[in-house]
Amino acid sequence: MAKREIVKSDKDYDKLVKEASPNSPIVKNCIKAFIGGGIICCIGQFLMNVLSSYGLVTEERNMAVSVILIGIASLLTGLGWYSKIGRFAGAGSVVPITGFSNSVTAPAIEFKKEGFVMGLGAKIFTVAGPVILYGTLTSIFVGIVYYFVR
Amino acid sequence: MALKVGLTSLKFENGVNIKSVSSVAGTKEGEGPLKEYIDILVNDNLYGQKTWEKAETEFVKKAVETAAQKAALSLNNIDYILAGDLQNQSAASCFGVKDFKRPFFGLFGACSTFGEGLSLGAVLIDSGCGKNVMCEASSHFSAAEAQFRFPPELGNQRPQTSTWTVTGAGAAVLSDEGSEPKITGITTGKIVDLGITDANNMGAAMAPAAADVLLNHFKDFSAAPESYDRIFTGDLGSVGSKLLIELLREKGYDIQKQHRDCGMLIYDSDKQDTHAGGSGCACSAITFSMIYKRLLTGEYNKILFMPTGALMNPSSVAQGESILGICHIVMIERQV
């Protein structure tokens, strides 16, 4: 076999690969995520304060803030800016609701080219689908636990 | 006639002439260190089309036309077109060459396709089956991202070991006459599988295949690294290059002085945020323009050109199969 001529075993090679592969700069990425995510949350808080001053009650206000953030992120995705923000902020722009919006809009833009039904329609949740499915299942599970443990 | 040398190599006694070489590339490549060697720089990765896939088709067409033009040949004089790309069922190549109405062999060798094309093209010419053969390979960053990873507009960070798929196409016309640099031998790679499953570390998956074929080449031709001015791997990137050098060092060969990687030449990884380097069929195919020019000017006399490929598809990766490596060596000499 060809591979035995190169290294003794897959394990040996794994070790070599680990040594040769640079790690992601975790500390730097964490700081950038903190800044990026922090700014997004500050914008959310700002919107909350503004909407409160217009007299919206808590529930309406929270929903309005989500809708506005989702709308802005979707627009920025369409303009090609959110991927740049994402490259800088990483988890900071993935975790907030704006990241969810991006993960739905990005496939929508890409697969619209394959038609509205089998393209956009079928593939819009290729990235967000797992979050929706397992998020829903988890909430059902937590709901059942809450019902009995309350 | 071609001579079988050793177990995996062929030697072309008279050499197969590389009559012309062309390259067409996208925006990011046009901002990179190789821009002066690229024939046509397109400042629009959609190339005036509606989709990335159609854009890649345009890159293919343009590369083929330009190579024929530079060889002063009409496309009717091309006996065969050998082409491949990364799209499902090599769609970009098929659509790209259909209007030329020439006999066509579609190739798939992942990012090693250009090496596969040059190898087979040289065999066709040397065996007298054709006077002029067109070899072409292409890739497109966004088409590859959408197919293998995520839609391009998704805002995520790429790991340090990942590479950036080159957007563009490269082509070469091989001919039975002329006094340009010649293909004097090929060593055909075997599939090597060392169990790498990380699709974001393809350099690691391909390095063993490159090491294997290079060891075979040295054996078959009784050669050593010093026999060549340069040894160009396709798209190992910084991680794969490190591994290749290490694997060969263990076998007693030091190629550090001669080795260059097309993936590390095509972008400036610090300024262009490409991490480990460039990849894709077009990576080696476009860099070949630079190599060819330096052969013409006499900067190099004898080189090895060895495009590397990671063989897999999205399903095989998702199902946990390892990523297979392959690499083909094309030996090119300025004068025979």
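Modeller: Let's go through some residues, the domains and the chain contact.
Modeller: This is a predicted model, where local features need pLDDT of at least 70, side-chain atom pairs count only at pLDDT 80 or more, and totals for chains, interfaces and linings use all residues. Residues are numbered from 1 along each chain as its sequence is written, while chains are lettered from A and ligands numbered from 1 in the order in which they are written.

Colleague: Why is A:S101 called buried?
Modeller: A residue is buried if 20 or more other C-beta atoms, placed from the backbone, lie within 10 Å of its own, exposed if 12 or fewer, and partly exposed in between. A:S101 has 22 other C-beta atoms within 10 Å, so buried it is. You'll find A:S101 in helix α7 (residues 97–111) of chain A; a helix here is a DSSP run of H or I with at least four residues, a strand a run of E with at least two, both numbered from the N terminus.

Colleague: Which residues does A:S101 touch, leaving out those up to four places away in sequence?
Modeller: A:I70, A:A73 and A:S74. Touching, or being in contact, means that the C-beta atoms, placed from the backbone, lie within 7 Å.

Colleague: What makes B:Q89 buried or exposed?
Modeller: B:Q89 has 10 other C-beta atoms within 10 Å, therefore it's exposed. B:Q89 sits in the loop between β4 (80–84) and α3 (91–97) of chain B, and its phi is positive, near 50°, though it's a residue other than glycine.

Colleague: And why does B:S222 count as exposed?
Modeller: Because B:S222 has 9 C-beta neighbours inside 10 Å. B:S222 isn't a glycine either, yet has a positive phi of about 45°, and its place is the loop between α6 and β10 (230–233) of chain B.

Colleague: How do you know where the domains of chain B are?
Modeller: Domain bounds come from an automatic or database domain assignment, which for chain B gives domain 1 (2–175) and domain 2 (182–333). Their centres, taken over C-alpha atoms, are 17 Å apart, and 58 residues of domain 1 of chain B are in contact with 58 residues of domain 2 of chain B. On the domain 1 side, β2(B) gives the most, with eleven residues.

Colleague: How many residues make up the contact between chains A and B?
Modeller: Chain B brings 30 residues and chain A brings 33. The largest share of chain B's side, five residues, comes from α7(B).

Technical notes. Two residues are in contact if their C-beta atoms, placed from the backbone, lie within 7 Å.
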